[in-house]
Amino acid sequence: MEKKRIDDYEPGPVPSPRALDRFGFVKQEHNNSSDAFTKSRSASEYERDERRVRKWRKMIGVGGSDWKHYVRRKPHVVKRRIRKGIPDCLRGLVWQLISGSRDLLLMNPGVYECFDRWLLPKYVPIMLFLIHGDSLQILSVLLLPRYSSAQEALFFMQQLVIYETSASELDIIRDISRTFPSHVFFQQRHGPGQRSLYNVLKAYSVYDRDVGYVQGMGFLAGLLLLYMSEEDAFWLLVALLKGAVHAPMEGLYLVGLPLVQQYLFQFEQLVREFLPKLGEHFTQEMINPSMYASQWFITVFSYSFPFHLALRIWDVFLSEGVKIVFKVGLALLKYCHDDLVKLPFEKLIQALRNFPEDAMDPDTLLPMAYSIKVSKRLEELKLEYEKNNGKLVRSAELGRK
Amino acid sequence: MATRRRMLLKVIILGDSGVGKTSLMNQYVNRKFSNQYKATIGADFLTKEVQFEDRLFTLQIWDTAGQERFQSLGVAFYRGADCCVLVYDVNVMKSFENLNNWREEFLIQASPSDPENFPFVVLGNKVDVDGGNSRVVSEKKAKAWCASKGNIPYFETSAKEGFNVDAAFECIAKNALKNEPEEEIYLPDTIDVAGGGRQQRSTGCEC
């Protein structure tokens, strides 16, 4: 099942004159950060890792067969182990299990291929029962009675899909080479990495026309493609945006970016409550979370954070949901608190976009993040946000109509 | 005696995705060009110290995401801008046609006190591409549009080769400076920053 493309230890088929880190990123000259945590592994550490992998294999079972059973029996063990980091060699499979994407894939055989090739899936009626709110599927039901045969209706919709996605397509193409440009898999122009990225994003934009393609989604897809096949990555995107296990993420990308706005509101309030001195300093310096945190939410830390940290955050994000993004954000601010409160606007903005290396060590940052409890406040703040903005949103919608 | 306090000038760069906003900013501030910029998500930010006639200013440059959907995040960046830079790609007609939308969107969101005279600067970027053979927007056409919008200064640039980037940003800084309300300028009255009348702002530095 594992289709990991970049092998850590073997010289891959694509020879590169430049040195790569263990994740396949071209090493920066003065920045060996991501290796610093992994390079000098002692024999005991190596053995410990081996033991961990064995435990994980047992927990998952062959191809994930024991996973659900184990999760039901020992949810706390699973949670604890995920928080310690999923072994890299099992990451792709475990991500699919915890995100619910594996179930979607199994329930919709062959569907990705259809979207990928722009053919209308013959499985659309099946999917209708699985995922709600997709306009394409609703359309198929509306259109069917008007055509003499199902084939005719499908042909019509096929044309519609091709026509309507052309706008997204140009946006996708423009961003392909601007997504993880320093990763060996995505570097080659029209190479397998860029092609996969294009296919997944295009398929998603056809599948969900309300979202289409939005900048930032490429980083999600790119990260996933380093650990799984196109089809698996597509279904994981679907699971995330449509909310197979946790709250749907699609609001991060819909017109008006409503969920980004909500998350930024919640984050700003949490900063004020958890770090009042810093919150006050932000207010005085007129720092707004949209100036530094929108990409944290839109790309779940995959845009500009060290890759080994992003992966650890994704492990927890897929199993526990978006609250880890808030927790990590708060932990970062807390860790750098004493420096940040002294900085004037410009230096502050720079600091919030370039955290020091020691702050981004997962083994320091993540335990700190886990210790911050936000669930209850997040829920309350969400209600508060909806109360404040409900009217606004509704009147804006009416205005548009 | 005028205070030596440095003045802050806020500049915002707008334009379609992929026209070179990030590249222009980095070329100007860091004198670097890279083929490996990531697509900007949300917004990016750089500052540069600039000197005009004996006085120091901090130019605060906001680089924004070009995709239309990100405009809803723009408010925080648009407010308080002293100059708005509109960028298009001379090889992409659509990016030129969209300049009007970007201008209007900015005026709505930033709601400057005097929208008629708010300083914009237009940059036609990527003039280096294919030796100019793939160009679809002529200089004449671009200048005509700029003239119709109240003589917006216009520059043709190549962020890749660094062509005209300094000249463009010098003009941007000067225009931003002229937009600052009088009372906030710690200006010794012997220095004429604009090097000319204030009324001439839109033609003052057009090359």
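This section describes the aromatic ring pairs of the structure and the interface between chain A and chain B. The model is predicted.

Over all chains, the count of aromatic pairs comes to 44. One of these joins Phe180(A) and Phe186(A), whose ring centres lie 6.2 Å apart. The planes of these two rings stand at 25°, and the pair is therefore stacked, the limit for that class being under 30 degrees. Both partners fall under the 20% limit for burial: Phe180(A) is buried, with a relative accessible area of 3%, and Phe186(A) is buried at 1%.

A second pair is formed by Tyr263(A) and Phe297(A), with ring centres 5.1 Å apart. Because the planes meet at 40°, this pair is classed as tilted. The two residues belong to distant parts of the chain, 34 residues apart: Tyr263(A) lies in helix α15 (residues 258-274) of chain A, and Phe297(A) in helix α17 (residues 294-298) of chain A. Tyr263(A) is buried at a relative accessibility of 7%, and Phe297(A) is likewise buried, at 2%. Tyr263(A) and Phe297(A) also take part in a cluster linked by ring pairs, which includes Phe267(A), Phe282(A), Tyr292(A), Trp296(A), Phe301(A), Phe305(A), Phe326(A) and Phe355(A).

Within chain A, Arg83(A) lies over the face of Tyr370(A), at 4.3 Å from the ring centre. Between the chains, the ring of Tyr303(A) has the charged end of Lys38(B) over it, 5.1 Å from the ring centre.

The size of an interface is often given as the accessible area lost when the parts come together. For chain A and chain B, the buried area is about 2,600 Å², of which 55% is on carbon and sulfur atoms. On the side of chain A, the residues that lose the most area to chain B are Gln215(A), Tyr303(A) and Glu346(A), which together account for 24% of what that side buries. The contact involves 36 residues from chain A and 27 residues from chain B.

Polar interactions across this interface comprise 15 residue pairs in polar contact, counted with both residues at pLDDT 80 or more. At least two residues of the side of chain A that touches chain B come from each of α10 (150-176), α15, α17 and α21 (345-353). Of the chain A elements, α21(A) gives the most to that side, with 5 residues. The count of salt bridges between chain A and chain B is 1. A salt bridge joins the side chains of Arg353(A) and Asp44(B), at 3.3 Å from N to O.

Methods:
Residues numbered from 1 in each chain as written. Chains lettered and ligands numbered in written order. Predicted model: local features only at pLDDT ≥ 70, side-chain atom pairs only at ≥ 80, totals over all residues. Heavy atoms only, no water. Phe/Tyr/Trp six-rings, centres within 6.5 Å; stacked < 30°, edge-to-face > 60°. Buried < 20%, exposed > 50% of the residue type's maximum accessible area, 1.4 Å probe, protein only. Helix = DSSP H or I, 4+ residues; strand = E, 2+ residues; numbered from the N terminus. Lys NZ or Arg CZ within 6 Å of the ring centre and 35° of its normal. Contact = heavy atoms within 4.5 Å. Buried area = accessible area lost by both parts, 1.4 Å probe. Salt bridge = Lys/Arg side-chain N within 4 Å of Asp/Glu carboxyl O. Polar contact = N/O pair within 3.5 Å; in protein donor to acceptor, adjacent residues only side chain to side chain.
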